Every structure is written in structure tokens, then in C-alpha cells.
Amino acid sequence: MIRLNDILDKVASYNPQADLDLVRKAYVYCAKVHQGQTRLSGEPYLVHPREVAGILAELRLDAPTVVTGFLHDTIEDTLTTQEELEQVFGVEVANLVDGVTKISKIHFKTKEESQAENFRKMLLAMANDIRVILVKLADRLHNMRTLQYQPEPKQRSISRETLDIYAPLANRLGISWIKSELEDLSFRYLESQIYYDLASKVAKKKKERESYVEEVRSIIVSKLAEHELKGEVYGRSKHLYSIWKKMQNRNVDIDQIYDLIAIRVMVNDIRECYEVLGIIHSTWKPIPGRFKDYIAMPKGNMYQSLHTTVIGPHGERMEVQIRTGEMHRVAEAGIAAHWKYKEGKGYDEKEVKRFAWLRQLLEWQQELQDSHEFMNTVKVELFPEEVYVFTPRGDVKSFPKGSTPIDFAYTIHTDIGHRCVGAKVNGKLVPLKYELKNGDIVEVITSPHHTPSKDWLKIVRSSRARNKIRAWIKTEERLRSITLGREILEKEFRRYSLNLAKLQKSGELKRVASEFGLITDDDILAAVGYGKLSHGQVLGKLIPEERLAERQEQKESRLGKVLGKLTGKSTSAIQIGGVEDVLVRFGKCCNPVPGDDVVGFITRGRGVTVHTADCPVALENDPERRIAVAWNRDRKAALPVKIKVACYDQKGILANITLAITNCEANISSASIQSTVDKRGVNIFEVDVTDIDHLNRVMNNIMKVKGVIKVERIKS
């Protein structure tokens, strides 16, 4: 059992500047608030926080983290408040204890691998300070060491949680000794009979293994001496869980697992590592395909070592690991950084790139004597692009950062999303635009009469929610378009003594639909209502050209006047798939001019609106409404565009700017003039230009005016 003085001596050994008085103060405070409490073993409760603090000292962590080890259960299990801890021990310690408390309140209710992965990510995401996770790992390790006092069902559930969540966390943080111990302890309670049977078989061969290790060690030491190399050589038995996993994966018995022992050679530098490898391979025959260079290509959690399997003395296979002292320190003690470890699934390149800067931590650790300063360098929100929340049943769901209850609703079921009218987060009502936070428990409120809104597209973040909302809107708009298309065609058909219902009944309308590449009557009605087809195009398939031409001549002059009033500009500058009689408008948000990359959007009942390709409004519009448009190079039309001119506020400059514009044969249709307090002018001109080249000439001519500072086009 560890004592307070043991912890103080350990902390002082690696950090002489540590605040040991703060550690003593935490111990006394912990003893006071936990007084009278006992564990299931009958021991005073104080034993647990003291052991946790000891594990944190073993990890060489700073004084505030060791202090947190003593205090980690005070908020949850005593009358202590975070405010009180802040007054007595400071903000840093209070925040660490609060972080551990929040994580301790999470109850894991699932065993699925994907859910376990989400839990691991969520734990990391919730810990703005990585030390919170290290304290939680130390807490779990001591609880696993004393798990025999728990009832059997609890032993199994805690062990499963440890194997799924906490052992992989320790592995990703590079703390191999904690990972191995957690795995073996979990294995002991989950597969008791197999565990003890395997432990018995391994124990029987203990003396035999020790004798073999000593023989191999003496051979390697003498070989190193021959080559004037100094190094440490020792044997390491594989832990039981890893042996069992190998037996499972290879479907063999323990007698067929030859590499139960790993011989480890530690030397001074990387050059010597490769020199030792050559010595080993010249002494014993290497097994092809069993050499791994983790120095040149480190594992995802920064593990580095050379691994080779050879046929050793007496024809026995043995694994040899070669590394430097620094590599061994990282492999055993780990480093406070999260890395995606392979775990049989390959590296996640996105995560590796995201944390590439953490490779510098090894160098920082060498440079920074104070571990407190070092730990401050690794405070980080580890998954800035994701948020993890709970369903009321305890399942974890992952969303893009900024997601709302609507995103959550659509992951449950499409109908739940459609009918979502509100949500409760952590038991409190929140608006639909509320941004979900890590650890939130979300409950959706629905109404059978509610339907999605187009405005939802502005606040949802997940592609599933966006696609479902768009699909619903598309369906609804199709129904409205069919109704509108029916009204338009019935009205126009009456002018030519045609009856829409009869044309549908006779199949004539379906024939027309097929000529446009459509299938059903409803398709052609929807196309007309949506604006993809004009009533004139449909009539052209039903009535002789002469009759249509006669009618067209009568209304042509009137149509030209109406178009002019509606748009204020010529539509002849745009071509839309060869169609000539579709109403065209230009987006006032971006004011496109010939030469800009443009895109058209069908607007129900109002023809096509043309935007620049990079216009924010165009990018937000439904892709289903997009239509290809192009500038008509054969026809020129003057279109308005806004330009902003910044200049010095001096006499005559406005006259010179307007002269520069008119000299380029561009008409000024409107102007807005403002003077600023720093004797500058900001002028907005709406200028009619024929194309992008014309606009550039105007802007270049303005820049030549003395006193003009900057000229830019305004697209919004």
C-alpha cells in the first residue's frame, strides 16, 4: 500500500520545483471530506484516492494532476462543491476535478464496437485538458485492481467497459503498462476459466523460460562486447490477454505459440539499433516476413522499435525487440497525446494529419524540465469537427460540429425528422437552432401535423438531414407544380379550343410527354408548373405551326413590352438549352454580366433566374432546380453591375471618376456618394456594361484617376 511520503518522494524525484505543499494539503483535505466512508473491501475510502495519486506520480505527471488524483471523487461522493475546490486549490485543479466528475457520470450501455469507438472519441472530446483522461485511467486501474469485492454481474459489466473503452484509450495514449494490466484484469473476470487455465500453463513453463532467457541474454551480451557496443538485454513475458488473442486469431493451442517471450535490447542511438539487428541476424537465422521496422515507420501512437523473429537456441522461435532508451520510455510510459492506433483497421489519415504537430511533443518533453509546463502544451480539444451526444437510451451518436436537434431527429427516423417541432436537451426545452454539445442527452418532440421548412436547410449540418429535407421539399414542390401546371395548360388550351382532360384520357398528352423525354402526364404538368417547359412548347406538339404562328404574331408586340417591364433588360443575352420563350431574370444579388461563369435556377411561375457561379445564393439553392445556361455571343446587351470606388476626398475627383466611366462608353444608371471622417470617399456606381471585358476597361480607367485608392466589383 502506497504512503503519502512515497508519492511526495516520487514527484520530487522528477520535478524538484513541484508544489509539494499543495499535494500534502490535498491529502489532508481528502482525508477530512471522505472521513467515515469505506470501500466494499472494508478499507477506509482514503486508500483509493491515495492509490490513484500514486499511479499519476508513476506516470510522472505535474503536481496539479497528482492533487486531482486525491480529490477526483470529492464533488461526486462528498458535500464538496467546485467553488470550494476553486477557493482552496485554485481554478486549474477545480476544473480538472470537474472534468473527471463529468466523465464519471457517463454510463455505458452498449457493447458494439462502433459504439465503443464513439465513446472513446467522446471521452477525449469532452476533456479539454488531456490530464482529465489520465486521472480517469488511473482511477479505473485501481478500481480494476480491487474488482474482486464487487458482485459478479458488476464485475463483468465493469470489465467489459474497461476492455472496450479504457484499455484502448491507454493504448492510444501510448501507456502500454496500463493498457496491458487493464486487459489482463478484464480478461480475468470476463473469461475466468480460460484466464486461470492459461495462467497455470504459462506458470508451469516459468523456470524453463527464465533459463532460456538467461542463455540468450549471455549470448547477446558477449556479441555486443565483441563489436564494442554497450546495451541492456533482458527478457519480457507476453501478458496473458495478448497470448489468448494470438491463440484465437491463429486458432492454435498455447504450445504452438512460440513467441511467449520477447528479448529486448536497449542501446544508445538509432545507428546502434540497426547494428544490433545485423548482429542478431548473423547469429540466428531470421524468419522471412517477421521483420518490422517501427523506427523508420513509427506506429500511430508514436511507438518505435525494431522487431525481428529468429530461430534461436535449440531451434526455438524468439522475438527480439531493439530500441533506444528514449524509445523505451515512450513505449512504456506513453505521452499525453491522442493518436489513432491501427487496431487491425489501418490508419485514419484524417486523424493522423490532424495531430501531426504532436510529433513535436517528444522534443518538447526533453526541453521542458517542468512537467506542468509540458502538460500545458497538450491542452487541446481533440475532435474539433465532431460532437458526440446521447439518445435517451444511452446510445452515442456522432454529428458534425454545429449540428442541431433537427440533425439528431433525422438520424432516428425520417418521419421523426419531418415531424420535429422541438427538443429537450438534458431535460430542458431548447430551440431547434440550438447547437449540440459533447455529452448532451437529446430527446425529440414531434407533432403529427408538422412538416419541414426550407429554413431548416440553413441550420442543419449533417448530409442525411439536408438530403431528407430537400427530398421532402422536392416532393411537395412537385405536387404544387403539378397543380400549377394543370392551371396554366387548361387556361392556354381553352384559347385553342383544346380540353386537357380529354387529351389525358385519349393518351395524347402522354405522347407529348414522351417527345420531351418524360414518362407520365404528371411529369409534363410538373415540368410546366416548375418552369422547365413553357405552355408554348407543349402546344407546339399539339397544334399545327401555321395556327400557332398566326396567334404568335398577334401577341408578339405586347409580349416584348411586358418582358421589358418585368426585367428592365434584354433576355437575348442568355441561351437556355435552345429554348427561346422562357422568361429570364438576372439575380440582383450578384448582377452577372457576359463573360462571368453563370448558372440558371428554375423559379416556379417566374422562369429562370441567372446567377454567377460563385454567388452565395446560387450555392444555397436546391441543385435539382439548376439548369445549364450560357451567354449568347451573337447578341450584346447592356447589363447593370455595381462597382465600389475608394478615393481621397478632394476637389474635382468625382467629376474625373464619372468622366473615366463615360469615356469607356458605359452609362451610369445610379450612384451613391459618401465621405468618411478621415477625408476619404466611398462611392458606389451602378454601371451598364456589355461584358466582363467592358467592365475591366471601366475599372482600369477609373484606377488611372489621380486620388483613386481602390476599385472593386460588388457581387452582393
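Asp596 sits in the loop between strand 13 (584-586) and strand 14 (598-603) of this predicted model, with strands taken as DSSP runs of E of at least two residues and helices as runs of H or I of at least four, both numbered from the N terminus. At 10% relative accessibility, Asp596 counts as buried; the cut-offs are under 20% relative accessible area for buried, over 50% for exposed and partly exposed in between, using a 1.4 Å probe and protein chains only. Leaving out residues up to four places away in sequence, Asp596 touches Thr612, Trp631, Ile692 and Arg713, where contact means heavy atoms within 4.5 Å.

A word on the ground rules. The model is predicted, so local features need pLDDT of at least 70 and side-chain atom pairs pLDDT 80 or more, while totals for chains, interfaces and linings use all residues. Residues are numbered from 1 along each chain as its sequence is written, and side-chain values use heavy atoms, with hydrogens and water left out.

Zooming out, the chain has 30 helices and 21 strands, and 47% of its 716 residues count as buried. Of the contacts between residues at least 6 apart in sequence, 66% join residues at least 24 apart.

Now for the cores, each a set of buried Ala, Val, Leu, Ile, Met, Phe, Trp, Tyr and Cys residues joined through side-chain atoms within 4.5 Å. In the largest nonpolar core, with 56 residues, Val66, Phe70, Leu71, Phe89 and Leu137 touch the most other members. Helix 9 (residues 131-145) is the top contributor to this core, giving 8 residues. Beyond its neighbours within four places in sequence, Leu137 contacts Tyr166, Leu169, Ala170, Leu173, Ile175 and Leu182. A second, separate core has 32 residues, including Ile574, Val584, Phe586 and Ile643.

Helix 3 (residues 47-58) and helix 4 (residues 63-71) pack at about 160°, with their axes 7 Å apart; axes are lines fitted to C-alpha atoms over the stretch in contact, and angles run from 0 to 180 degrees between N-to-C directions. That makes the two helices roughly antiparallel, the label for angles over 145 degrees. On the helix 3 side the contact is made by Pro49, Arg50, Val52, Ala53, Leu56 and Ala57, and on the helix 4 side by Thr65, Val66, Gly69 and Phe70.

In helix 1 (residues 4-14), Leu4, Ile7, Leu8, Val11 and Tyr14 are buried. Seen down the axis, these buried residues fall within an arc of 145°, so they line one face of helix 1; the arc is that of the directions from the helix axis to the C-beta atoms. Asp9 and Ser13, on the other side of helix 1, are exposed.

How values were computed. Angles under 35 degrees count as roughly parallel, over 145 as roughly antiparallel, 65 to 115 as roughly perpendicular and the rest as oblique.
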